[in-house]
Amino acid sequence: MGIRTDKAGTLGYDARNHPAKDTMKDKKPKQSRNPQKAHKKAPTLIDVAKVAGVSPISVSRTLNQPELVSEEIQQKVRDAITRTGYVPNMLAGSLATRSSRLVALIVPTIANSIFADTVQAITDTLAQAGYQTLLGLSAYDKHQEEELLKAILGNRPDGIILTGTFHAEGTHQRLLNTRIPVVETWDLAPNPIDTLVGFSHTEVGKAVGEYLLAKGYRRFASVSANDQRAVRRFAGFAAALRDAGIEHLASRTVPTPARFRQGRENLAALLDSGEVFDAVYCSSDTLAHGVIAEALHRHIRIPEDLAVVGFGNLDFSAYTYPAITTVGIKGAEIGRLAAEALIAKMDESTPSDGNSSRIIDVGFNILERAST
């Protein structure tokens, strides 16, 4: 028999009971019957050079220093890359050129469109300058942002764009130590890491409060998210009311990212609690939309019985019924200016040392519509 059982009861194969011609050592490996399933090596830079009919150094220069190569050779290399499917190792190339042509962009969320204009403008502006954008999501969490940065810095990006100025302890110094250009956005602060492009969230809140007071409203409520920038907007709003002698502000706080459902649920909770108010400030248009929907469901007229103000001027805000009064943010301008500032920093021969910070305030405006 060719089958034996060892002491542990495991089935095994005993070659002694089989003719020699059946042993594996006398058999030649079978070739795959389907050559297409055989593993193919990824094309290399040398493969591209052969197809293009140029030297490997010409391929390398086309990818990393195109200004040193004629347009004719560049076109040959591009055609060869397309034909071979070659994927350049940009990290390896950066060891020689000290440039990855990669910029890391970290935003809190893509769950709603509030950062969309900024992201698009950054991506477009960087692409025109020959840079690719790596997008990371921090989920409004400074520790998650810190972990993202640790992973990103290992790939040595040429630049970094962050949302906000509230970071984990040590992040500020770590970024300074890397000497990589950094631009922060969507905020204002006296001591940015490097360059800052944005607006004051505290001033946004104050402006909304003063606007509603000027319209004659005197009893207020708020539905606001709990991220740092929304908290500062709420603080500015409350400060404007206190300056006018109004101390009571019925408020509800929701987790980020804010959802339409949270607007409905929290207005319902405020109304059911017996609070009396004639104006509601919301930290986003998404929440404002939910508040309006709940108010109309309860036959509360907007704005005759209740005024509602949002933030962000999202794409639907002007088309709801009634249209939402909101705070207009120059998202695309923030993105363009941030990218341009970063490109200028990346083109400098001397890396940033944190002593040449630049603050660009793009401002904001209140867009009055039917909800007030």
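Student: Where does Leu137 sit?
Tutor: Leu137 belongs to strand β4, which spans residues 132–137 (helices, H or I, of at least four residues and strands, E, of at least two are DSSP runs, numbered from the N terminus). The model is predicted, so local features need pLDDT of at least 70 and side-chain atom pairs count only at pLDDT 80 or more, while totals for chains, interfaces and linings use all residues. Residues are numbered from 1 along each chain as its sequence is written, and side-chain values use heavy atoms, with hydrogens and water left out.

Student: And is Leu137 buried, exposed or partly exposed?
Tutor: Leu137 counts as partly exposed because its relative accessibility is 34%; buried means under 20% relative accessible area, exposed over 50%, and partly exposed in between, with a 1.4 Å probe and protein chains only.

Student: Switching to charges, how many salt bridges are there?
Tutor: The count comes to 14 salt bridges, where a salt bridge is a side-chain nitrogen of Lys or Arg within 4 Å of a carboxyl oxygen of Asp or Glu.

Student: What's going on between Glu72 and Lys76?
Tutor: Their side chains form a salt bridge with an N to O distance of 3.8 Å, and both residues lie in helix α3 (residues 71–84), four residues apart, which is about one turn of the helix. Glu72 is exposed, at 55% relative accessibility, whereas Lys76 is partly exposed, at 36% relative accessible area.

Student: Which residue pairs with Arg264?
Tutor: Arg264 forms a salt bridge with Glu294, and the closest N and O atoms are 2.9 Å apart. This pair links distant parts of the chain, with Arg264 in helix α10 (residues 260–272) and Glu294 in helix α11, 30 residues apart.

Student: Buried or exposed, that Glu294?
Tutor: Glu294 counts as buried because its relative accessibility is 8%, while Arg264, at 27%, counts as partly exposed.

Student: What else does Glu294 meet in a salt bridge?
Tutor: Glu294 also meets the side chain of Arg298, at 2.8 Å from N to O, and Arg298 is partly exposed, at 31% relative accessibility. A network of salt bridges links Arg264, Asp272, Glu294 and Arg298.

Student: Okay, backbone now: which bond is cis at Pro303?
Tutor: The peptide bond from Ile302 to Pro303 is cis, with omega near 5 degrees, and Pro303 is in the loop between α11 (285–297) and β11 (307–309).

Student: What about Tyr321 and Pro322?
Tutor: Tyr321 and Pro322 are also joined by a cis peptide bond, with omega about -10 degrees; Pro322 lies in the loop between β11 and β12 (326–329).
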